[in-house]
Amino acid sequence: MTHVTETAAAPATRTLPRTCPLCEAVCGLELTLDAADHVTAVRGDQADPFSRGFLCPKGATLGHLDEDPDRLTAPMIRDRATDTWREASWDEAFGVIRERLPQLTAAHGNHSVGLYLGNPNAHTVAGALYVPILIRALATRSLFSASTADQMPKQVSSGLLFGDPLTVAVPDLDRTDYLLMLGANPLESNGSLCTAPDFPGRLKALKKRGGRFVVVDPRRTRTAKLASEHLFIRPGSDAYLLFGIVNTLFAENLTSVRIEVQGLEEVRAAAAPFTAAVVAERTGVPADTVLRLARELAAAPTAAVYARIGTCTAEFGTLTQWLVDVVNVLTGNLDSPGGAMFATGATLGIVRTRPFRLGRWTSRVRELPEAMGEFPVATLADEILTEGEGRIRAMVTVAGNPVLSAPSGTRLDAAFAGLDFMVSVDRYLNETTRHADVILPPPRILQSPHYDFALLQFAVHNYARYSRPLVPLGGALAESEILARLALAVSGQEPQDGVDPLAAVDEFIIAGMLHKAGLADRRAELIGANTTEQRIDLMLRLGAYGEWNPDRIIPADGWVGSTGGSRPQARRDDEEKPLADEAGDTAGGDGDRLSGGLNLQVLLDNPHGIDLGALRPSLPGILRTASKTVELAPQALLDDVARLRERLAAAAPEMVLVGRRQLRSNNSWLHNVGPLMGGSNRCTLHIHPEDVARLGLDGHAVVKSAAGTLTVDLEPTDDIMPGVVSLPHGWGHSGSEQAVARTHAGVNANVLTDDSLVDAPSGNAVFNGVPVTLTPA
């Protein structure tokens, strides 16, 4: 069955709206396609009420990525004897999986099969709706994802404070007067766990209305250069700085707690040792600056603290994320307009009925705690290489390249090489999938629908937008169907004659949701070109704004929708061009007013998106803690404070390594897009000129850590503090089958990171603050 509505012959050219799927900014695009369905032009969608025409260099090259000549267009099967690949039919590919994987699980148990989920899963309908089906089919606890190389500290902290790890507070950027930002570089990343298209414009608007934002980072990033103030900080010491602020708020009676919390006195006691003078010694941030930051946060009419990947991927990532919310609570800015607030997504997701629990089981080798059902990727190689009952003997990877993205990449590469069997759902033959026995490639990006289920839970303004496929599938297989058929194959099941496996899965889920909602007789009312769209329709109808939700949210003056019309001139954020002088307007504006309940038809009628209103106070209704209050002092985090205190006495390494975001890159999978190569998108080691002279370096250096050694090209710059060096992540394509990536290979920074080091509560890998030595090459 084809899961796209086939249409009449396309006109010579047509311009269609589409959400960009390449990062967390969810920008609206307008794509011009010719009669052969090739993208001939990309521009920002000025009619989108959230992104309002913003476009970054990555989005501008969506057509190049969509039709990358190196992408796989048919299933691939590897002959292990000769290590060669051949194309296969879908039936043959699923047949090999159906024959091999069930044999392994029968002999060694379900946990002998590991599943790794990469970052792009958060950006696809298939990843959101059908990966959970694959997880259930595998019935394994050996689950890993990019989350423990990125964001798990924030989710663990949020789970412990609010009872749900998906209840994440984001800065109310469009209304705040003061923003303190740590370890984040949204002018290059476009934001992370904070969905905010045109982040640069929103920050410029903050300053234009008289607000202030301060960036704390060991690098003077593009974001830091735009800030009101930039403060250098020693990598990995952000928790000390935040504790110094908390200590000052208590000591100077600057607290203003406006919500119901538990554990306030426990937090006061935990913060007592971390005076401004004490933390200054460890962070490099002067004591008077620590005091001033606390006073400014307390005095500002509205304020928010936001910390991201630079702080998550450090030794005390979870403590840092916890203290972000502690400061927001203490200054009266949590769940308050202009402070840190919670988005209200439009689709009904998993409704948590029990408080979040950490460490319900532990990993086999290192006994690291589970978080959100998965183990740290930092122990994946251990689970493959260490003999014994429960050893991982087979892997399934979906849209991930952990050989480049996970710590100790060389060790993980060797571990994958020794697997008995491996399946990858991936568009490329890359550093990870080259170890697979079967590769199942998804179709072109424009052949897939798009709705940001995950990312709109972290939006700085409530919004919804659905994009239908722009190009028919033709002979390709929808990614949703690939995952549904893979779930059957790993269970040893063959599709039944005349039964569409995808539709069967969808009907089962739809029936269950309708029954639970007491609406079993409403099935015929769901609309959509296929059962996937009907699931989305149901999730919208039952969601916070949905027409079948008796408690739905409808602003008094209606929603703002847009079928088109005028909008401000599109802005483009490009490193080769200065930012526009005028800040972009915030979401909202001159669209049509809508009323009634939300469903798929409303989104189809408004293909440029719908403005669902500013963030609104949500507590205590969204809390899932046992006490139904914000539990400010979780015991698991108080226990980790002792480890933080112990580090105060430890000598700081002479030189440490940190990562680096790049405007024209997003992990490893955009390195095969020719127009994105060049400029600042190069794999070089940033190093302060004083360190170059002190170490006698010239052009190149040998960088050594406890995990490995690399020879790197140096790029001296005073935008990095002395004693710190920086490599971008996602590079190291010297043996790649991708032509552009191979030409611009770079080196894999994760040869230097150590998979034995993790943030204790969350298990997140440590990529920042890695001790290294440098010698002349």
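Is R220 buried, partly exposed or exposed? R220 counts as partly exposed, because its relative accessibility is 29%, between the 20% and 50% cut-offs. The views below come from a predicted model.

**View 1. R220 and D719 meet in a salt bridge.**
R220 sits in the loop between β10 (212-216) and α9 (222-226). D719 sits in the loop between β26 (709-716) and β27 (724-726). The two residues are 499 residues apart, so this pair links distant parts of the chain. Side chains of opposite charge can pair when their charged atoms come close.

**View 2. R444 and D66 form a salt bridge.**
Here the closest N and O atoms are 2.6 Å apart. R444 lies in the loop between β17 (438-440) and β18 (462-464), and D66 lies in helix α2 (residues 62-66), so the pair ties together parts that are 378 residues apart in sequence. Both R444 and D66 are buried.

**View 3. D437 and R80 are joined by a salt bridge.**
The N to O distance is 2.6 Å. D437 is in the loop between β16 (421-425) and β17, while R80 is in the loop between β4 (76-79) and β5 (84-87), so the bridge ties together parts that are 357 residues apart in sequence. D437 counts as buried because its relative accessibility is 5%, under the 20% cut-off. R80 has 36% relative accessibility and counts as partly exposed.

**View 4. Strands β4 and β5 form a hairpin.**
The strands pair in the antiparallel sense over four bridges. One of the pairs is I77 with its bridge partner R86 in β5. Four residues lie between the two strands. In the turn, D83 has a positive phi of about 50 degrees. R80, from the previous view, lies in this loop between β4 and β5.

**View 5. Several charged residues are linked in a network of salt bridges.**
The members are E315, D640, R643, R647 and D759. For the whole model, the count comes to 43 salt bridges.

**View 6. Four strands make an open sheet with parallel pairing.**
The order is β11-β10-β9-β13. β11 (229-231) and β13 (304-307) stand at the edges with a single partner strand each, so one side of each is left without a neighbour in the sheet. Neighbouring strands are turned by 15 degrees against each other on average, direction ignored. β9 (residues 178-182) and β13 run parallel and are joined by four bridges. L182 has A307 in β13 as its bridge partner. In a regular strand the side chains alternate between the two faces of the sheet.

**View 7. Helix α11 has buried residues along one face.**
In α11 (residues 264-271), V267, A270 and A271 are buried. Seen down the axis of α11, the buried residues fall within an arc of 95 degrees, so they line one face of the helix. An α-helix has 3.6 residues a turn, so residues three or four places apart point the same way. What covers these buried residues includes α10, α15 (317-330) and α23 (635-647).

**View 8. V246 is a buried residue in helix α10.**
The relative accessible area of V246 is 0%. Which residues does V246 touch, not counting those up to four places away in sequence? They are V267, A271, L323, V326, V327 and L330. Among them, V267 and A271 are buried residues of α11. K704 is 458 residues from V246 along the chain, and their C-alpha atoms are separated by 37 Å.

**View 9. Two stretches have pLDDT under 50.**
The mean pLDDT of the protein is 92, and 93% of its residues reach 70 or more. Over residues 1-7, pLDDT stays under 50, and the model has 15 contacts beyond four places in sequence for them. Residues 574-590 also stay under 50, with 45 such contacts. Where pLDDT is low, the predicted coordinates should not be read in detail.

Terms used. Residues numbered from 1 in each chain as written. Predicted model: local features only at pLDDT ≥ 70, side-chain atom pairs only at ≥ 80, totals over all residues. Heavy atoms only, no water. Salt bridge = Lys/Arg side-chain N within 4 Å of Asp/Glu carboxyl O. Buried < 20%, exposed > 50% of the residue type's maximum accessible area, 1.4 Å probe, protein only. Pairing = 2+ DSSP bridges. Axes fitted to C-alpha atoms, helices over the stretch in contact; angles between N-to-C directions. Arc of directions from axis to C-beta. Contact = heavy atoms within 4.5 Å. pLDDT = per-residue confidence, 0-100.
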